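Take a moment to look over the sequence and the 3D picture. Then follow the chain with us, piece by piece.

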Amino acid sequence: MFPLYDSTKRERFPFVNYLIIIANIYMFWLEISASNSEAFIQQNSFVASNFHFFNPYSYIPILTSLFVHGSLLHLLSNMWFLRIFGDNVEDRLGHIRYLIFYLVGGVIASLSQYFLDPSSVIPMVGASGAISAIAGAYFVFFRKSTVKTLVPIIFLFTIIDIPVWLFLGYWFFIQLFSGLGSLTSMTLQDGGIAWFAHIGGFIFGYLFAKLFSQSHAQSTSEVGQITS
C-alpha cells in the first residue's frame, strides 16, 4: 500500500514540517557531494557502542542521524510519509511544540533500538523513528480520517480510501511483526531496518498524543467553567 494523501484539513501553514523536509534534503545533498560519503555517514550517524546515557554529547549523533539517509529512495519514502502526516500533527500541536516533539520522538526511537543491542557498531541513520512518532500521534488525533491509498491487486493498481486506524494500525503491525522476527535472525548484527526504532517512536507518539488530548480537553473544560 502506498499513501497518496490524507483527508484531514489543516488551519495553519506547516512551515516547520517543510523546514524539516528541506533540512533532510540539504543533508542528503551534503552527503552525496562529500568527497567521502561513507565517512560523512559515519560521522553523522548514531552508533550504539559510542553512546553513553549520561553524557549529553552522546545525544548529538542521534539528532544528526535523523537528517541523514542511506539512499535517495530512503530519503524520498521518509519525506513523502512526513509530508502526508506531519502537517496535520504540526497543526494540532503548534509549530514550536511540533519541532520539539519531532526531535524528542527521534531520540526516543533511536534509544528504543539502542536498548536491544548497546554494543552495536552499525551506524543508524534516517528520519523513520521521528516519523513513526508522528504516525503514532496522527493515529490518536485523526483516527476518523482516511488515507487515499494506491493498492496493488494482482497485476493492477487501484486507489481507495482507507481509514487511518486501519492504515496506520496495519503499518504498526508490520513493524512489530518484523521487529519480533528480527530477534530470531542476524538482522540486528548485520544491519538493515531498525524495526524497534519504528516501534518505539510510534508508541511514544501515541502516548504523547493521548496525554496531550486529555490535557487539552481538561484545560478547555476548566476555561468553560470559569467563563460560564
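Contact means heavy atoms within 4.5 Å. Helices (H or I, at least four residues) and strands (E, at least two) are DSSP runs, numbered from the N terminus. This is a predicted model, where local features need pLDDT of at least 70, side-chain atom pairs count only at pLDDT 80 or more, and totals for chains, interfaces and linings use all residues. Residues are numbered from 1 along each chain as its sequence is written, and side-chain values use heavy atoms, with hydrogens and water left out.

Start with helix H1, residues 15–33. How far should its 19 residues span? The expected span of a helix is 1.5 Å times one less than its number of residues. For H1 that gives 27 Å, and the end C-alpha atoms are 27 Å apart, so the two agree.

Now ask which residues of H1 are buried. Buried means under 20% relative accessible area, exposed means over 50%, and partly exposed lies in between (1.4 Å probe, protein chains only). The buried residues of H1 are Val16, Asn17, Ile20, Ile21, Asn24, Met27, Phe28 and Glu31. Seen down the helix axis, they fall within an arc of 150°, so they line one face of H1. The arc is that of the directions from the helix axis to the C-beta atoms. On the face turned away from this buried side sit the exposed residues Leu19 and Ile22.

What covers the buried residues of H1? The cover includes helix H2 (37–44), helix H3 (60–65), helix H4 (72–93) and helix H5 (95–114).

Axes are lines fitted to C-alpha atoms, for helices over the stretch in contact, and angles run from 0 to 180 degrees between N-to-C directions. Angles under 35 degrees count as roughly parallel, over 145 as roughly antiparallel, 65 to 115 as roughly perpendicular and the rest as oblique. H1 and H4 pack at about 170°, and their axes are 9 Å apart. H1 is therefore roughly antiparallel to H4. From H1, the contact uses Phe15, Val16, Asn17, Ile20, Ile21, Asn24, Ile25 and Phe28. From H4, the partners include Leu72, Leu75, Met79 and Leu82.

H1 also packs on H2, at an angle of about 135° and with axes 7 Å apart. That angle makes H1 oblique to H2. Here Met27, Leu30, Glu31 and Ile32 of H1 meet Ser37, Phe40, Ile41 and Asn44 of H2.

Next comes H5. Its 20 residues should span 28 Å, and its end C-alpha atoms are 29 Å apart, which agrees. Its buried residues include Tyr98, Phe101, Tyr102, Gly105 and Gly106.

Turn to the sheet. Two strands pair if DSSP finds at least two bridges between them. The sheet is open, has 3 strands in the order E1-E2-E3, and pairs them antiparallel. Strand E1 (2–6) and strand E3 (156–163) are the edges, each pairing on one side only. Neighbouring strands are turned by 25° against each other on average, direction ignored.

E1 is joined to strand E2 (residues 146–153) by 4 bridges. In this pairing, tyrosine 5 has lysine 148 as its bridge partner, and phenylalanine 2 stands opposite leucine 150. E2 and E3 pair over 8 bridges. Across that pairing, lysine 148 stands opposite aspartate 161, and proline 152 stands opposite phenylalanine 157. The hairpin of E2 and E3 has 2 residues between the strands, and isoleucine 154 there takes a positive phi near 55°.

Serine 132 is found in helix H6 (residues 128–141). Is serine 132 buried or exposed? At 1% relative accessibility, serine 132 counts as buried. Leaving aside neighbours within four places in sequence, serine 132 is in contact with Trp171, His198, Gly201 and Phe202.

Glycine 200 lies in helix H9 (residues 195–227). Its relative accessibility is 12%, so glycine 200 counts as buried. Not counting residues up to four places away in sequence, glycine 200 touches Ile108 and Ser112. Glycine 200 and asparagine 78 are 122 residues apart in sequence and 17 Å apart in space, C-alpha to C-alpha.
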